[in-house]
Amino acid sequence: MEATPAISATPPPRPRAATRRFPRRATARGLTPWAVLTALTLTATGCVTVHGEREIIPAATKAEADRALGDFLTAYNKADRANDPALDEDRVTGALGAIDQAGLRARRSIDPDGDPNRSPLELTDRRFTVPKMAGWPKFFLADTDSNRDQDTDKSKDTRWVLAFTRGGPDAGWKAAYLTVMSPGQIPEFRTDGDGLASAVPVRDKELAVPPAELSERYATYLDKGGPDFAPGPHTTDWREERRRGATRPGLSRQYIDQPLGDGAYAPLGLRTEDGGALVFFATRHYEKQTAAKGRDLRLEPPVRALMRGAVKQSVTLERTSNQAVRVPVRGASGGGVLVLSRIQGLTGAKGD
């Protein structure tokens, strides 16, 4: 993954450069909400089933969520040590999958033998937020403490928040989004009497910006500005940084931002206590670098590893980014959508 401005606050060592991937009651009758998932369909034998495509049920049991996180972590560390994308490709998807797999391909090209002594990622103090929902895909959040920060320094303490999705009853859980936030940035979620959260419809009109529109509006904002997003490092500051870097002696830069909102890149949102939402969404960003006549472009090894075509005078870098944002209710005062965290990674390069 790439360095700042990709990650807000203090980024963990891992998710910062393209050469290194990235960067949890019982009812009155004694039946926990998680036990609902174990019921079977009504048949001649008298068994009962809850259909996840029709009934409003917990997206996962806590045990299932913890197992999914553990499976992801095991695969992630194996792939990380071996620089082998095949070792965790069935545990990641969406924006996180694109960043993870491209980063591993680049590292494998540079160091095909990997590093068996690489320190493994650890995710402890696991907290799960599980929504009650019908239909597919289903998702849940894992809020964890990683060994990539500095817990002794509270100003540098961070939490890894992952969104896991599952496309159907026979599909496995995959990590689709990863953001790194300070503990104070993680909001309180609205929950029912059983501790279950509420998933936000992608076209929810109660929010200032419906989740389905966030990706396109963010891409438009980065190009033209506007009132949709609050000032901050991933909005006003990033636009200003790109403006300053557009033209430098011997090198010009052009930017194109594109929305990503379908399929594995669909936004995921949970209702917060204040009526707003925490939403995860993805975007794609292109940066074309063109060297002046007689100047050479300086290409880092990860860029060369993912390069298509021959570099003559320009190179176009493709990056995939995932954002975690606080979306206020429609009509709320105090500014627009607040981007809490953003992680991006180089996912392609093309020479011209």
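1. T283 has S321 as its bridge partner in β13. This is a predicted model. The strands involved, β11 and β13, run antiparallel and are joined by 14 bridges. Strand β11 covers residues 277-291, and twelve of its 15 residues are buried, so β11 is largely enclosed by the rest of the structure.

2. Where does Q323 lie? Its place is in strand β13, residues 314-327. Q323 counts as buried because its relative accessibility is 0%. Its side chain makes a polar contact of 3.4 Å with the side chain of T283, and another polar contact, of 2.4 Å, joins the side chains of Q323 and S321. Beyond four places in sequence, the residues that Q323 touches include T179, Y218, F281, V339 and R342.

3. Strand β11 also pairs with β9 (residues 251-260), in the antiparallel sense and over ten bridges. Within this pairing, Q254 has K288 as its bridge partner in β11.

4. The pairing of β11 with β10 (residues 268-271) is antiparallel too, over four bridges. Here R271 stands opposite A277. The two strands form a hairpin with five residues between them, and G275 in the turn has a positive phi of about 95°.

5. R271 has a further partner: a salt bridge links it to D204, with the closest N and O atoms 2.5 Å apart. The pair connects distant parts of the chain, since R271 is in strand β10 and D204 is in the loop between β7 (197-198) and α3 (211-224), 67 residues apart. R271 and D204 are both buried.

6. The closest N and O atoms of D257 and R242 are 2.7 Å apart, and both residues are buried.

7. A salt bridge also runs between E318 and R284, where the closest N and O atoms are 3.6 Å apart. Because E318 lies in strand β13 and R284 in strand β11, this pair ties together parts that are 34 residues apart in sequence. E318 and R284 are both buried. The structure holds 21 salt bridges.

8. There is also an open sheet of four strands, in the order β2-β4-β5-β6, with antiparallel pairing. Its edge strands, each pairing on one side only, are β2 (123-129) and β6 (174-181). From one strand to the next the twist averages 25°. Five bridges join β2 to the antiparallel strand β4 (residues 138-146), and in β4 the bridge partner of R127 is D143.

9. Which helices lie across strands of this sheet? Helix α1 (residues 62-82) lies across β2, β4, β5 (159-166) and β6, and runs at about 140° to β2. Helix α2 (residues 94-110) lies across β5 and β6, at about 85° to β6.

10. The largest nonpolar core has 47 residues, and those with the most contacts inside it are L69, F72, F140, L162, F164 and Y177. Setting aside neighbours within four places in sequence, F72 is in contact with R91, V92, L96, L162, F164 and A175. A second, separate core has 16 residues, among them L214, Y218, A277 and V325.

How values were computed: Residues numbered from 1 in each chain as written. Predicted model: local features only at pLDDT ≥ 70, side-chain atom pairs only at ≥ 80, totals over all residues. Heavy atoms only, no water. Buried < 20%, exposed > 50% of the residue type's maximum accessible area, 1.4 Å probe, protein only. Polar contact = N/O pair within 3.5 Å; in protein donor to acceptor, adjacent residues only side chain to side chain. Contact = heavy atoms within 4.5 Å. Pairing = 2+ DSSP bridges. Axes fitted to C-alpha atoms, helices over the stretch in contact; angles between N-to-C directions. Core = buried A, V, L, I, M, F, W, Y, C linked by side-chain atoms within 4.5 Å. Salt bridge = Lys/Arg side-chain N within 4 Å of Asp/Glu carboxyl O.
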